[in-house]
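Please consult the sequence and the structure shown below.

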Amino acid sequence: MVSGGKWKPCLILNIHNGAKRPSELQRLNPLASRRVLHVQLKELEEHGIIRRIVYAVLPPKVEYLLTDLGKSLLPMILLLDDWGAQYLSKPEELPKLRKVI
């Protein structure tokens, strides 16, 4: 499943802000294990959501970028992020979302 996985929306949002190396993604998502992040990055790559670039240097350097398909998911992910931020700021109130069309 493309969207299944606890960390996939976070990874897409992190990568949306620019190319990221695996160590940067680990720092941005400290509660996720390295293995879980690796598996979910691999699945996102297999689905064409992100692109993995390996540079021919020593030590090897890897970066992840969003593809056009991945960028098409951003409106939905940004809405979820907005909802979460509103909920965390006032959990007793229902979040109000802006309409996107």
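Which residue just after α1 takes a positive phi? In this predicted model, the residue is glycine 18, whose phi is about 130°. The points below turn to the helix itself, to one of its residues and to the nonpolar core.

**Helix α1 and its packing**
- Helix α1 spans residues 8-16, and its buried residues are Lys8, Leu11, Ile12, Leu13, Asn14 and Ile15.
- These buried residues pack against four helices and strands listed here among others: α2 (22-28), α3 (34-46), β1 (50-55) and β2 (61-66).
- The buried residues of α1 also pack against α4 (68-71) and α5 (74-89).

**Asparagine 14**
- Asparagine 14, a residue of α1, has a relative accessible area of 14% and is therefore buried, the cut-off being under 20%.
- Beyond its neighbours within four places in sequence, asparagine 14 is in contact with Lys20, Leu25, Leu28 and Asn29.

**The largest nonpolar core**
- The largest nonpolar core comprises 17 residues.
- Leu11, Ile12, Ile15, Leu41, Ile50, Tyr64 and Leu66 have the most contacts inside this core.
- At least two residues of the core come from each of α1, α3, β2 and α5.
- The greatest contribution is that of α1, which supplies four residues.

**Leucine 66**

Terms used. Residues numbered from 1 in each chain as written. Predicted model: local features only at pLDDT ≥ 70, side-chain atom pairs only at ≥ 80, totals over all residues. Heavy atoms only, no water. Buried < 20%, exposed > 50% of the residue type's maximum accessible area, 1.4 Å probe, protein only. Contact = heavy atoms within 4.5 Å. Core = buried A, V, L, I, M, F, W, Y, C linked by side-chain atoms within 4.5 Å.
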